[in-house]
Amino acid sequence: LQVKGDIVAEDPDERTGVRDVLNLGHTFAHALEAVTGFGPWNHGEAVAWGIARAMELGVHISETPPKHRDRVLKLLHSGGFRLQAGGEAPPEELLKAMEADKKRHGEELRFVLQRGVGDTFVRAVARDEVLRVLFASAAGPAPS
């Protein structure tokens, strides 16, 4: 909580972008909530799902070490979070919903990603790379 408080104090009006790192998983989560009609997933569940997607995206673009992704997925799974959306959230619809995200700059989709604990950053990622990760996660088994 102290770390979050310090970050918020540094950018209380969200003008510098410093607070973006607090939104790990949120670009994916907000898209999931929108596509599924803001009903079947509460915000916390959607963020957990979104964090899992952010970890997968980070690995896919060679920013997140697979060991870090595995550790985060194991933690989310042990918390009982659903990490697969299946057919209720088609990848193309998720991508379209992401285009309204507040972290978007112009035509770029930006994502909060991690290289490790305490190493969180924001990076633009091409739509086709995001779509590859969404399709792979829709088809893959739940992590264990």
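## The hairpin

Strands E1 and E2 form a hairpin with two residues between them, and Gly118, which lies in the turn, has a positive phi of about 80°. The names of such elements follow DSSP runs, numbered from the N terminus, where a helix (H or I) has at least four residues and a strand (E) at least two. E1 covers residues 109-116 and E2 covers residues 119-125; the two run antiparallel and are joined by seven bridges, while two strands are said to pair if DSSP finds at least two bridges between them. One of the residues taking part is Phe111, whose bridge partner in E2 is Arg123.

This is a predicted model, in which local features need pLDDT of at least 70 and side-chain atom pairs count only at pLDDT 80 or more, whereas totals for chains, interfaces and linings use all residues. Residues are numbered from 1 along each chain as its sequence is written, and side-chain values use heavy atoms, with hydrogens and water left out.

## The chain as a whole

The chain holds six helices and two strands, and from the N terminus on its elements follow the order α-α-α-α-α-β-β-α. Of its 144 residues, 42% are buried, where buried means under 20% relative accessible area, exposed means over 50%, and partly exposed lies in between (1.4 Å probe, protein chains only).

The chain exposes about 7800 Å², of which carbon and sulfur atoms supply 54%; such areas come from the Shrake-Rupley method with a 1.4 Å probe. Among contacts (heavy atoms within 4.5 Å) between residues at least 6 apart in sequence, 62% join residues at least 24 apart.

## Helix H3 and its two partners

Helix H2 (residues 26-35) packs against helix H3 (residues 43-60) at an angle of about 130°, with their axes 7 Å apart. H2 is therefore oblique to H3, since angles under 35 degrees count as roughly parallel, over 145 as roughly antiparallel, 65 to 115 as roughly perpendicular and the rest as oblique. The axes are lines fitted to C-alpha atoms, for helices over the stretch in contact, and the angles run from 0 to 180 degrees between N-to-C directions. The residues in this contact include Phe28 and Leu32 of H2, together with Trp49 and Leu57 of H3. The crossing of H2 and H3 is right-handed, a term used if the near helix is turned clockwise from the far one by less than a right angle, with left-handed used if the turn is anticlockwise.

H3 also meets helix H4 (residues 66-78), and here the axes come within 9 Å and cross at roughly 165°, which means that H3 is roughly antiparallel to H4. Among the residues that make this contact are Ile51, Met55 and Val59 of H3 and Val72, Leu73 and Leu76 of H4. H3 passes H4 in a left-handed crossing.

## Two loop residues with positive phi

Phe38 is in the loop between H2 and H3, and its phi is near 55°, a positive value in a residue other than glycine. At 61% relative accessibility, Phe38 counts as exposed.

Ser62 is found in the loop between H3 and H4, and its phi, near 65°, is likewise a positive value in a residue other than glycine. Ser62 counts as exposed, at 66% relative accessibility.

Leu131 belongs to helix H6 (residues 127-139) and is partly exposed, with a relative accessible area of 21%. Leaving aside its neighbours within four places in sequence, Leu131 is in contact with Pro91, Glu92 and Leu95. The C-alpha atoms of Leu131 and Glu92 are separated by 7.1 Å, although the two residues are 39 residues apart along the chain.
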